[in-house]
Amino acid sequence: MNTTQQVMLCGTPCIQLCAGGYEAYIAYEIGSNVLRLRDVKNNIDVFRFRAENTAEELLQSAEVWGLPTLYLPNRFADGVLKTSDAVYQLPVNEKEPFHNHIHGFLHKRAYTVVSHHADENCATLVTQYRYDENDPFFQYLPIPFVAELTFTLSECGLEHKIAITNLAEKKMLPISVCTHTTIQSPFLDGGKEEDIRLIVPIGKRCELNDRCLPTERLLEPKLSDLEYKNGTKCPVLQNISNDMYQAECGKLNGQSFYGVIAEDIAKGKRICYQVSEEYKFWIIWNDQGFNGYFCPEPMTAMIDAPNLSLPQEVTGYQELKPRATFEANQRFFTE
């Protein structure tokens, strides 16, 4: 029977969704982070999870647990954000030598639970955050908007939908969205990290400088890059630091698949991570490689996109007109 209910996990209130052989726990007061997604039948924990975490620990490092949703994601050089109708100075919260603004604020905000319910097909949760002059970040980016997240759990896995609506009367809202997806390593109970492979259908590599900002050069993939494409890349036990690529469509079971696949090659189990085509880039990062997780991060826009000279059709950067809505979708399932 599919169910939804309020529970406590890691000292913070969550909505638990149970459906289709999966359990999901969404911490709506910590950015609506999916603290845990478990395939009960196959003993797979999809996201990085530790039961001993406290709510304070999760809030302080919300980027590296579960499934955090980021706006504005990644880096803006010197905190500057140039839109078509304004220039905003964001706080520089990444120390030297980087001196950037990083990751925005939405993943640490307390969302409101709009609704949760279950039927014979699925379990669903809708949460919402209204960004306005009551938010401390509003002094840097004074453009009101509402972010709504919809989580649907079923035998098809966990679907994640984000919708952002510009509530401003005149101003254009910069749009760049990402999930800082943390995949547990090993993700299978009893699995070994050395058996994990990550398949990413990469296009060109986006070259980054020493501040992890784009040089605006798009490079043909080298042999080491092609390990992602041919399925030989072990995403842990080595340092992977911001490998950034244009996204392309791959294959899953002979069918077109726009997403990435993490596989335990010894056990034959895998996590399939599908995204909508609004997500135009993949960044792979693993926190030095020895901390029990890795992050295949889908981004709708390139790092520092609004400040680059590249055209928007290359960077993926968008601006949202007043009262308009931007949407993007993801899905996680196991095999």
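Me: How far is the sulfur of Cys18 from the closest cysteine sulfur?
Reply: The distance is 12 Å, the partner being Cys14, and this is too far for a bond. Please note that the model is a predicted one.

Me: Is Cys18 buried or exposed?
Reply: Cys18 counts as buried because its relative accessibility is 15%, under the 20% cut-off.

Me: How many disulfides does the structure hold, then?
Reply: The number of disulfides is zero. Cys14 has no such bond either; its nearest cysteine sulfur belongs to Cys10, 7.2 Å away. For a disulfide, the two sulfurs would have to lie within 2.5 Å.

Me: And is Cys14 buried or exposed?
Reply: Cys14 has 0% relative accessibility, so it counts as buried.

Me: Changing topic: where is Glu193 found?
Reply: Glu193 belongs to the loop that runs between β17 (183-184) and β18 (196-199). Although it is a loop residue, Glu193 counts as buried, with a relative accessibility of 18%.

Me: Which residues is Glu193 in contact with, leaving aside its neighbours within four places in sequence?
Reply: Those contacts are Ser185, Pro186, Cys234, Val236, Leu237 and Gly292. With Ser185, the side chain of Glu193 makes a polar contact of 2.6 Å.

Me: On to the rings. How many aromatic pairs are there?
Reply: The count is 15 aromatic pairs. One of them joins Phe257 and Phe333, with ring centres 6.3 Å apart and planes at 85 degrees, so it is edge-to-face.

Me: Which parts does that pair tie together?
Reply: Phe257 is in strand β23 (residues 255-257) and Phe333 in strand β29 (residues 325-334), so the pair ties together parts 76 residues apart in sequence. Both Phe257 and Phe333 are buried.

Me: What about Trp285 and Tyr293?
Reply: Trp285 and Tyr293 also form an edge-to-face pair, at 6.1 Å centre to centre and 70 degrees between the planes. Tyr293 counts as buried because its relative accessibility is 0%.

Me: Which residues do ring pairs link into a cluster?
Reply: The cluster consists of Tyr71, Phe105, Tyr131, Phe137, Phe138, Tyr140 and Phe145.

Me: Where does the charged end of Arg48 sit?
Reply: Arg48 places its charged end over the ring of Trp65, at 3.6 Å from the ring centre. Lys233 likewise has its charged end over the ring of Tyr228, 4.8 Å from the centre.

Technical notes. Residues are numbered from 1 along each chain as its sequence is written. This is a predicted model: local features need pLDDT of at least 70, side-chain atom pairs count only at pLDDT 80 or more; totals for chains, interfaces and linings use all residues. Side-chain values use heavy atoms; hydrogens and water are left out. Helices (H or I, at least four residues) and strands (E, at least two) are DSSP runs, numbered from the N terminus. Buried means under 20% relative accessible area, exposed over 50%, partly exposed in between (1.4 Å probe, protein chains only). Contact means heavy atoms within 4.5 Å. A polar contact is a pair of N or O atoms within 3.5 Å; within protein, one must be able to donate a hydrogen and the other to accept it, and residues adjacent in sequence count only if both atoms are side-chain atoms. Rings of Phe, Tyr and Trp (its six-membered ring) pair if their centres lie within 6.5 Å; planes under 30 degrees apart count as stacked, over 60 as edge-to-face and the rest as tilted. A charge sits over a ring if NZ of Lys or CZ of Arg is within 6 Å of the ring centre and within 35 degrees of the ring normal.
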